[in-house]
Structure formats: structure tokens, C-alpha cells
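Trainee: I have a new model open. How do I start reading its helices and its core?

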Amino acid sequence: MTNDLSDGYEISTDPARLDAELIHRWLSQDAYWARGRPREKQDSAIAASLNFGVYDRAAGTQLGYARVVTDRTTFAWLCDVYIEPSARGRGLGTALAAAVRDHLAPYGLRRVMLATADAHEVYAKAGFVPMKKPEKWMVLGEE
């Protein structure tokens, strides 16, 4: 899947286009939720996930990334969403979340979840809302 966006950007699910080294650097050095993640772990996560890249159409350079852990039947978890700092403020994060939403829609999933400490407004623009009953949910491991 490739979605052309205005202003010369595109979103693709083609795994061959992903710059795994760049993704690892972004997440392990700059993303609060993945700081220090080893390259081997990141590569394994990429291999086991549905991945989305945001690209500058003219230059071909990767400007963003998101990954989805899903069974493609009932559930998906959107995670590792990242936009290169120099490309922020252009609506690419919202476009990426919307592309994930649209890509997953045909599966008829019961739930698509994500966690964020600081980008609620980005995901709200793509239709994500806070849980109605968060007290029903539990977690094993770090948050």
C-alpha cells in the first residue's frame, strides 16, 4: 500500500523501503518509550509487525515510522510512531495515524489501541479516543 499525501509526501507499507538503521536510531535515542532499545530487538519487532513508513516523495528519504502488532482479525496495537523532528508540524503524524486506521479498517478489528504520553491531539484527529473504562484493563510489565 502506498498513500500519496499533499506537499510531496507518501506513506508506504513496503518493508523493503524501511531504513531499519534510521528507525533504530530515532527510537533508541529520541523516543521516550524506546530509549536504549537494542538494535536486535528493534529489527525483530519490525520483522514481526505491519510497518508504515512516511517518505519525502522527491528525495525518497524516510521521515517517519509506525508499526502495528496485530492478528489482522480482532486486535491491533499501534506503536513506535515517530516523525523526524525536522518534519514535525506538517500533519505527518496525523496522516500516519489515519493511514494506519484506514489500512486496518477492512479487517473489521474489534479494537485498535495505542498509548501516548504527549500526542493525544495527533491521534484524536484520526479518531482515537480515551478508553471509556480503563479500570477494566491491566498490564504485565513496564508501561
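Mentor: Keep in mind that this model is predicted. Start with helix α2, residues 39-47. There, Q42, A45 and I46 are buried.

Trainee: Why do the buried residues of α2 line one face of the helix?

Mentor: Look down the axis of α2. Its buried residues fall within an arc of 100 degrees, so they line one face. Now turn to the other side of α2: E40, K41 and A47 are exposed there.

Trainee: What covers the buried residues of α2?

Mentor: The cover includes helix α1 (20-30). It also includes β3 (50-56), β4 (62-70) and β5 (75-83).

Trainee: And how should I read a core?

Mentor: In soluble globular proteins, nonpolar side chains tend to be buried together. Here the largest nonpolar core has 25 residues. F52, V68, L78, L92, L96, L104 and Y123 touch the most other members.

Trainee: Which elements give two or more residues to this core?

Mentor: They are β2 (9-12), β3, β4, β5 and α3 (92-104). The most comes from α3, with 7 residues.

Trainee: What is L78 in contact with, leaving aside neighbours within four places in sequence?

Mentor: A66, R67, V68, V100, M113, L114, Y123 and F128.

Trainee: Which residues make the nonpolar surface patch?

Mentor: V69, F75 and W77 make it, at about 240 Å². Take V69, in strand β4. V69 has a relative accessible area of 32%, so it counts as partly exposed.

Definitions and conventions: Residues numbered from 1 in each chain as written. Predicted model: local features only at pLDDT ≥ 70, side-chain atom pairs only at ≥ 80, totals over all residues. Heavy atoms only, no water. Buried < 20%, exposed > 50% of the residue type's maximum accessible area, 1.4 Å probe, protein only. Helix = DSSP H or I, 4+ residues; strand = E, 2+ residues; numbered from the N terminus. Arc of directions from axis to C-beta. Contact = heavy atoms within 4.5 Å. Core = buried A, V, L, I, M, F, W, Y, C linked by side-chain atoms within 4.5 Å. Patch = residues over 30% accessible without salt bridge, like charges linked within 9 Å, V, L, I, M, F, W, Y side chains within 5 Å. Areas by Shrake-Rupley, 256 points an atom, 1.4 Å probe, with all protein chains shown as cover. Salt bridge = Lys/Arg side-chain N within 4 Å of Asp/Glu carboxyl O.
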